[in-house]
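Thank you all for coming.

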Amino acid sequence: MNRSARNFEQSVMQSKDVWFVLFGNPRCPNVKRLKPEWDKASKALEGKVKCGEVDCDAEKDIQSRFGVFRFPTVFAFGPDKSAAPTKVTLYIEGTAAALEKDGLSYYEKAQGCKMDF
């Protein structure tokens with residue numbers, strides 16, 4: 001397992017936090033178009049939803065693990081990582097406001113989840 005894959009495991013999969021993770025590659029025009037909005041939404045969600053990115057060019061194993069074949073793809077990972085992540089529907093405009101709304105909605109739903117410590 002490489003360093004980045006370990007980081008993904010430790011940061012996302014072993015945490016009790018709600019995560020939004022953007023899967024893509026830096027050359028994809030759709031990812032390039034979404035990235036500024038993603039960055040704005042990530043800042044707006046600070047303190048509630050953690051946001052991360054997976055470069056699928058460098059992380060083929062993680063890409064394959066979650067069946068990502070289109071870029072960009074966003075998954076929401078709830079507190080219970082044994083449950084499958086939720087694929088987030090990216091609206092055509094892919095605005096920061098839409099991403100933030102989805103993130104907060106998922107966060108609120110996740111608050112009803114039982115979290116064992």
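Let me start with strand β3, where 5 of the 5 residues are buried, so that this strand is largely enclosed by the rest of the structure. Please keep in mind that what we are looking at is a predicted model.

Where does β3 sit among its neighbours? It belongs to an open sheet of 4 strands, whose order is β2-β1-β3-β4 and whose pairing is mixed. The edges of this sheet are formed by β2, residues 50-55, and β4, residues 86-88, each of which pairs on one side only. From one strand to the next, the twist averages 30°.

Now let us go through the pairings one by one. Between β1 and β3, which run antiparallel, there are 5 bridges, and here you can find F23 standing opposite T73 of β3. On to β4: this strand also runs antiparallel to β3, to which it is joined by 3 bridges, and A76 stands opposite T86 in β4. The pairing of β1, residues 19-24, with β2 is parallel, and it is made through 6 bridges, with F20 placed opposite C51 in β2.

Next, the helix that goes with this sheet: α2, residues 29-44, lies across β1, β2 and β3, and it runs at about 155° to β2.

The loop between α3, residues 60-65, and β3 contains P72, and the peptide bond that joins F71 to P72 is cis, with an omega of about -10°.

How many disulfides does the model have? The count comes to 0, where the rule asks for a pair of cysteine sulfur atoms within 2.5 Å. As a reminder, a disulfide is a covalent bond between the sulfur atoms of two cysteines. Is C28 buried or exposed? C28 has a relative accessible area of 12%, and is therefore buried, because buried means under 20%.

Technical notes:
Residues numbered from 1 in each chain as written. Predicted model: local features only at pLDDT ≥ 70, side-chain atom pairs only at ≥ 80, totals over all residues. Heavy atoms only, no water. Pairing = 2+ DSSP bridges. Helix = DSSP H or I, 4+ residues; strand = E, 2+ residues; numbered from the N terminus. Axes fitted to C-alpha atoms, helices over the stretch in contact; angles between N-to-C directions. Contact = heavy atoms within 4.5 Å. Buried < 20%, exposed > 50% of the residue type's maximum accessible area, 1.4 Å probe, protein only.
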